[in-house]
Amino acid sequence: MGRFVFKLPDVGEGIAEAEVVGWHVAVGSTVGEDDPLVDVMTDKATVEIPSPRAGRVVAITGSPGDKIRVGAELLVLDIDSDEASQDGAVSTGPAAAPPAAPAPKAPDGPPPAAAKAPAPEPPARKETEPSVAVPRPNGAKPSASPAVRRRAHELGIALQFIPGTGPAGRIGHADLDAYIASGRSAAVATARPARRARLDNIEEIKIIGLRRRIAERMQESKRRIPHYSYVEELDVTALEELRAHLNARHGTERLRLTLLPFLSRALVCAVPRFPQVNALFDDEAGIVRRHAALHIGIATQTSQGLMVPVVRHAETLDLWELASEISRLAAATRDGKAVRDELSGSTLTITSLGPFGGIVTTPVINRPEVAIIGVNRIVERPVVRGGQIVIRKMMNLSSSFDHRVVDGWDAAQFVQALKGLLEQPATLFVE
Amino acid sequence: MIRTKVLVVGGGPGGYVAAIRAGQLGLETVLVEADRLGGTCLVRGCIPSKALIHAAGKFDDMRGCVGDGTIGIALREAPTIDLNRTVLWKEGIVDRLTGGVGVLLRKAKVRVIEGWATFCDAKTCTVRTREGVEVIRAEHVILANGSTPASLPGLAFGGPVISSTEALMLARVPDRLVVVGAGYIGLELGTAFRKLGSEVTVVEARERILPNWDEPLTNPVRRWLERAGVMLHLGAAVEMVELSEGAAAARVRTRDGVTVSLAADQVLVTVGRRPLTNGWGMEAMAIDMAGPFVRIDDRCRTSMRDVWAIGDLVGEPMLAHKASAQGEMVAELIGGARRRFDPMAIPAVCFTDPEIVSVGLGPEDAGSAGTDLIVSQFPFAANGRALSMAAGDDGGFVRVVARADDHRVLGIQAVGTHVSELVGEFTLAIEMGALLEDVAGTIHAHPTLTEAFHEASMRGLGRAIHI
């Protein structure tokens, strides 16, 4: 019997620390080799760290939200062999106490004597007190205290549907809360909307992981960058005709084109004339780095929150290549399979809410970039052309610029250039 | 014409609770009561009968001390009783309680109108008061009219034939009392009068006493009655009461078909209670009936919109605490809350000697539980507190009924001295969904009768200590 100290491995180039997102194990649980131990997050990628050994967990470091430095002790396993500590030294005493982040769940380092003794069994649960829902015997009336019954009734929830985790399946307030939070109550509640129940509970959500990252980024961007927003109206009738034509011509044999590859193409065309918008501003060093390459960030909504996969070297891609790359990246990001390199390094970002694009948005710049282009919804509007009212497909572009390094005049010229390109789509392809 | 949000008819434990709660909720409320506030419970039921039972018990204890004495206490001569003064004492208690109800109603800003309400449609009634006739029109009507003692054909109340109401107001202890009906009311009063010195004969049509409770529970009571010299005629019926020269005799056909004549100063008929559905214009309200009762749903709604009914009027069990719970609920429903009458159990208490309580399922209800049951009981003969108040030898016990698979407690019964005071814990255990382990894991104070509940639960788990 020995101890195996597992330290946070290097999870990516240049990563010094990672944030604990969630543990798959608890002190006392038994893990096999390659069983997932913990999810940690670096930059914008979440990594699942598997166990290198089989054993029993005796200590873990860090709760969700805590940051752990690479190389710091992550957890201690009791293992069944003598080659205990090839990696991280056998810990024989309190010296092994976690050096990094606070570890509220971990004991203060195992006492010396415990090193040889088997780890304590997890507290044996009384058979009649499982913490998981007990299936209710058929036809049995659900067991719940009068207060729980009353609350459920007021909320229009039938107790039969609620899994009870108390002794003998008793339903407690916590079970009712969990049921409401699960959203399964909606159907029941709307089935009997006799009276609208007053809702008083407040759900606390710890802002950790990606959400915290987004929050920090947004805050920094808005705090440091004086945003200058500019909205222009585009007549995309011709562009939409071309897009529809191309999609019809190729049917299903090619990827369906959206607006984004055309806009990307327009950026490729316009950026060489406006090098000040395709740049990164290191405001602490006081240096703007204008990039010749155009790496387009595509703001993407995922189940976890906002992420920005990057189309690298857009200047080298044709329309179809742009389309397929955008589509591939979006799918990978949504599935959580995007790798770190695909989620960083953009020089200019596009944000589009598609059909929910609204009339005007005020995009927040993806710092240290200096510009972001927002796409609004396409609508048919009556417009005046040659003294006639005609119906055209109209769309707004809402863009924000870092006014410290991009002048309003230049920004306006840049957007006008995009407008010219997109309103006369042929020019997108004329070198 | 009085216009109000809520009209409550009847000032008993259903009606007055409904009115107080409605008033607390800020609903304009009128309560109509023809007699005294408090209803059957306070005026001619629970409270006065318990006062009489207490006095009778004290008197009986003292009689037991005459001569050689009991537990070292001896009286040189027999005690006497002036039932007039006992009744006055009882009236004092009733006055105090009904006065309290009046104060609570005033505090809740409920307008109380004294008189008999007669409905002319579902939301309008006229009340004959001392000052004249009032017409009341309400948005919501809560019917809490209550019940009256049922009579038997051929045994109309009057003369020597009395109901429980009159039995609680007798000026002197009858020498010979015939009680018709061995339900809880008959046995409570029969026991009390036996203790006060009457010769008591109980006639019951069925083959056993207290037919609503199972036999093991009623056996200690039957043994007490036998020991105390109460004559029991089971499977027998009173055919008529003969009157001759001021003396009455009840003609009883016994189980064997023999007719006996029992001389009686009073014939107390306690064959149940009937909901009071006549004489107040219910026919004008277009509400549906369920047998002799007003039909209601799980929110005490009648078939007429915004007419509610609670208490004895709507069915068994005809118990004050059920009526109060319904009244409170209806007031909250009118106030806009979402409520439903869904108790897990309604406790029932019988103040005989010894007392009986029951809540939830009994052992014979196993079928309705749909599962195997654990039934375990613990005798008061092994309980220190029972022995120390000379109550260990009446055959009393606490019995717990639980599901065999998950040990959830489904019912609890007890028989024994003072067990009525245990029923709150019993009911709470069932309402909270307690397991045998929960009761076993709760420290019960020593020395108390509640330890018997603890031990019965432990015994159900196979680990009783004191047996």
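## Sheet, helices and chain contact in a predicted model

Let's start with one residue pair: Asp235(A) has Met394(A) as its bridge partner in S18(A). This is a predicted model, so take the geometry below as computed from it. Asp235(A) belongs to strand S9 of chain A, residues 227-235, which is joined to S18(A), residues 388-402, by nine bridges, with the two strands running antiparallel.

### The sheet in chain A

S18(A) also pairs with S17(A), residues 371-385, again antiparallel, and here there are 13 bridges. One pairing to look up is Pro382(A), whose partner in S18(A) is Ile391(A). S17(A) and S18(A) make a hairpin with two residues between them, and Gly386(A) in that turn has a positive phi of about 60°.

Zoom out and you get an open sheet of six strands in chain A, ordered S9-S18-S17-S16-S12-S15, with mixed pairing. S9 and S15 (310-311) are the edge strands, each pairing on one side only. At the S15 end, S12(A), residues 296-298, pairs with S15(A) in the antiparallel sense over two bridges, and Gly297(A) sits opposite Val310(A) in S15(A).

| Strand pair | Sense | Bridges |
|---|---|---|
| S9(A) and S18(A) | antiparallel | nine |
| S17(A) and S18(A) | antiparallel | 13 |
| S12(A) and S15(A) | antiparallel | two |

### Helices on the sheet

Which strands does H6 of chain A touch? Helix H6(A), residues 259-270, packs on the sheet against S12, S15, S16 (348-352) and S17 of chain A, and its direction makes about 150° with that of S16(A). Helix H8 of chain A, residues 408-423, lies across S9 and S18 of chain A, running at about 25° to S9(A).

### A helix pair in chain B

Over in chain B, H1(B), residues 15-24, packs against H8(B), residues 320-334, with their axes 7 Å apart and an angle of about 30° between them. The two helices are therefore roughly parallel to each other, and H1(B) passes H8(B) in a right-handed crossing.

### Where the chains meet

How many residues of chain A are in contact with chain B? The count is 15 residues of chain A, in contact with 16 residues of chain B. The chain A side of this contact is made up of six nonpolar, five polar and four charged residues.

How values were computed: Residues are numbered from 1 along each chain as its sequence is written. Chains are lettered from A and ligands numbered from 1 in the order in which they are written. This is a predicted model: local features need pLDDT of at least 70, side-chain atom pairs count only at pLDDT 80 or more; totals for chains, interfaces and linings use all residues. Two residues are in contact if their C-beta atoms, placed from the backbone, lie within 7 Å. Ala, Val, Leu, Ile, Met, Phe, Trp, Tyr, Cys and Pro count as nonpolar, Asp, Glu, Lys and Arg as charged, and the others, Gly among them, as polar. Two strands pair if DSSP finds at least two bridges between them. Helices (H or I, at least four residues) and strands (E, at least two) are DSSP runs, numbered from the N terminus. Axes are lines fitted to C-alpha atoms, for helices over the stretch in contact, and angles run from 0 to 180 degrees between N-to-C directions. Angles under 35 degrees count as roughly parallel, over 145 as roughly antiparallel, 65 to 115 as roughly perpendicular and the rest as oblique. A crossing is left-handed if the near helix is turned anticlockwise from the far one by less than a right angle, and right-handed if clockwise.
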